[in-house]
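Hello,

Here is the structure I promised to pass on. Please open it beside this email and follow along.

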Amino acid sequence: MSLKDKYKELTDLATNLGIANLQIREQDNVLYIDGTAKSAEDKEKLWQAYGKTDPDFRSADVVMNITVAEGTTTEYTVVSGDSLSKIGKAHGVSWEAIFEANRDIIKNPALIQPGWKLKIPTA
C-alpha cells in the first residue's frame, strides 16, 4: 500500500479544506504535505486526521509543512482573570488553536500573563 493510499483521508481533507499551494509528494517512503491553511483551526483538523491514521505518530512517514495564511489572526492583550478557554470562547476558537498560534510565547497553556499580546486565529 502506498503512503498516498494510507493517508488518503488526510490528503482528501487537505483538498476539501482548500489548502492553498497544496503539494503532496512521496519520496524515500515519506509523504510530504505542504501548503497554506486558511486558519489555525484547519491546520489542527489536518493534524487530528493524521493522528487518527497514526495515533502515536510512530510511523514517521509523514512530513506536514502547513502554514497558516497571514492576516488570519487578530491581536488580543491578556487581562487579569483570563484563561485560554475564556479568550477562545469570546473569539469562537478553541484554546488549542490559540496555544498553537502562540507557542513562541506560551510554554504552559495553564499559565498566561496579563499584558501578553496573543495572536487569535480567526474562526
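**Thr-11 and its surroundings**

A polar atom in the side chain of Thr-11 lies 3.1 Å from the backbone oxygen of Lys-8. Please keep in mind that this is a predicted model. Thr-11 sits in helix α2. Is Thr-11 buried or exposed? Its relative accessibility is 10%, and the cut-off for buried is under 20%, so Thr-11 counts as buried. Setting aside neighbours within four places in sequence, Thr-11 is in contact with Ile-24, Leu-31 and Ile-33. Tyr-50 is 39 residues from Thr-11 along the chain, yet their C-alpha atoms are separated by 9.4 Å.

**How confident is the prediction?**

The average pLDDT of the chain is 90. A score of at least 70 is reached by 97% of the residues. Which element has the lowest mean pLDDT? That is strand β4, residues 73-77, with 84. Helix α2 has the highest, at 95.

**The cores**

In soluble globular proteins, nonpolar side chains tend to be buried together. Look for that here. The largest nonpolar core has 15 residues. Leu-10, Leu-46 and Met-64 have the most contacts inside it. Four elements each supply at least two residues of this core: α2 (8-16), β2 (30-37), α3 (40-53) and β3 (62-68). A second, separate core has 10 residues, including Val-78, Ile-87, Phe-99 and Leu-118.

Now pick out Leu-46. Which residues does Leu-46 contact, leaving aside neighbours within four places in sequence? They are Leu-10, Leu-13, Ala-14, Leu-17, Ile-19, Met-64 and Ile-66.

**Helix α3**

At 1.5 Å a residue, its 14 residues should span 20 Å. The end C-alpha atoms are 20 Å apart, so the two values agree. The buried residues of α3 are Ala-40, Asp-42, Leu-46, Ala-49, Tyr-50 and Gly-51. They pack against α2, β2, β3, α5 and β5.

**Salt bridges**

Side chains of opposite charge can pair when their charged atoms come close. How many salt bridges are found in the whole structure? The search finds 8. Here are some to look at.

- Arg-25 and Asp-34: their side chains meet at 2.9 Å, N to O. Arg-25 is partly exposed, with 36% relative accessibility. Asp-34 is buried, at 16%.
- Asp-42 and Lys-45: their side chains meet at 3.7 Å, N to O. Both lie in helix α3, 3 residues apart, which is about one turn of the helix. Asp-42 is buried at 10% relative accessibility, while Lys-45 is partly exposed at 34%.
- Asp-104 and Lys-119: the closest N and O atoms are 3.8 Å apart. This pair links distant parts of the chain, 15 residues apart. Asp-104 is in the loop between α5 (95-101) and β5 (117-121), and Lys-119 is in strand β5. Asp-104 is exposed, at 55% relative accessibility. Lys-119 is partly exposed, at 33%.

Best wishes

Note on methods. Residues are numbered from 1 along each chain as its sequence is written. This is a predicted model: local features need pLDDT of at least 70, side-chain atom pairs count only at pLDDT 80 or more; totals for chains, interfaces and linings use all residues. Side-chain values use heavy atoms; hydrogens and water are left out. A nonpolar core is a set of buried Ala, Val, Leu, Ile, Met, Phe, Trp, Tyr and Cys residues joined through side-chain atoms within 4.5 Å. Buried means under 20% relative accessible area, exposed over 50%, partly exposed in between (1.4 Å probe, protein chains only). Contact means heavy atoms within 4.5 Å. pLDDT is the predictor's confidence in each residue, from 0 to 100. A salt bridge is a side-chain nitrogen of Lys or Arg within 4 Å of a carboxyl oxygen of Asp or Glu. A polar contact is a pair of N or O atoms within 3.5 Å; within protein, one must be able to donate a hydrogen and the other to accept it, and residues adjacent in sequence count only if both atoms are side-chain atoms. The expected span of a helix is 1.5 Å times one less than its number of residues.
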